Amino acid sequence: MEYSFCPKCGGALESKVLKAFEPTRLVCSRCRFVFFLDPKVAAGALFKLDGSIVLLQRGIEPSYGKWVFPGGYVDRGETVEGAAIREVKEEVNLDIKLVSLLNVYSYAKSPVVVVVFTAEIVGGKLRAGDEALAVRAFNPREIPWSELAFPSTFEALAAYVRKEFNLDVDLSDFSSAYL
């Protein structure tokens, strides 16, 4: 259990089944408050710069040194679209216009839901932000598939490459740890 105490009264949290067919919930033994472990939403964008796909090499954990498309967590009070635009600016110094929703990625063992958009660059100059080791535009045939950070990175890039470049991606190109 990640949490031990109630955020309302400080009582001990206990795992309980409240309804059949639902997962166990954390319930305060004192005030009966139900502490829901909700997912965290992340947003990102895939886009082309001179016909190549912009990726950054992570300079923070998790997956330090691995490659991802620009993205990050949605802040409370921020739209998912706004977060994608902000994260691109923060991570690679580019201004973008969102074009369409590429897909939404979620995994049973992960609390993160990743919303990925396609976009177009409308300004800025490509430069690595403070959480990146490097930033680079990759020809789709040169993407470092075995060095990608997360399953959603691989799946979104594969979908984008199929959609924008009409190229198929071999699943064996990605680390078997994620498949």
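Helices (H or I, at least four residues) and strands (E, at least two) are DSSP runs, numbered from the N terminus. The model is predicted: local features need pLDDT of at least 70, side-chain atom pairs count only at pLDDT 80 or more, and totals for chains, interfaces and linings use all residues. Residues are numbered from 1 along each chain as its sequence is written, and side-chain values use heavy atoms, with hydrogens and water left out.

**Exercise 1.** State how many helices and strands the protein has, and give their order.

Solution. Count the elements: there are two helices and eleven strands. Then read along the sequence, which gives the pattern β-β-β-β-β-β-β-β-α-β-β-β-α.

**Exercise 2.** Locate Asp50 and describe its backbone and its exposure.

Solution. Start with the position: Asp50 is in the loop between strand 5 (48–49) and strand 6. Next take the backbone, where phi of Asp50 is positive, about 50°, although the residue is not a glycine. Most residues other than glycine have a negative phi. Last comes exposure, sorted by relative accessible area (buried under 20%, exposed over 50%, partly exposed in between; 1.4 Å probe, protein chains only). Asp50 has 76% relative accessibility and counts as exposed.

**Exercise 3.** Find the cis peptide bond at Pro62 and say which loop holds Pro62.

Solution. The bond joins Glu61 and Pro62, with omega about 0°. Most peptide bonds are trans. Pro62 belongs to the loop between strand 6 (52–58) and strand 7 (67–68).

**Exercise 4.** Describe the largest nonpolar core and the surroundings of Leu46.

Solution. A nonpolar core is a set of buried Ala, Val, Leu, Ile, Met, Phe, Trp, Tyr and Cys residues joined through side-chain atoms within 4.5 Å. The largest one has 24 residues, of which Leu46 and Ile143 touch the most other members. Strand 4 (40–46), strand 6, strand 9 (94–105), strand 10 (112–124) and helix 2 (151–165) each supply at least two residues of this core. Helix 2 gives the largest share, seven residues. Now list contacts (heavy atoms within 4.5 Å). Leaving aside neighbours within four places in sequence, Leu46 has contacts that include Ile53, Phe69, Leu102, Val116 and Tyr160. A second, separate core of 19 residues includes Val68, Val92, Leu94 and Leu98.
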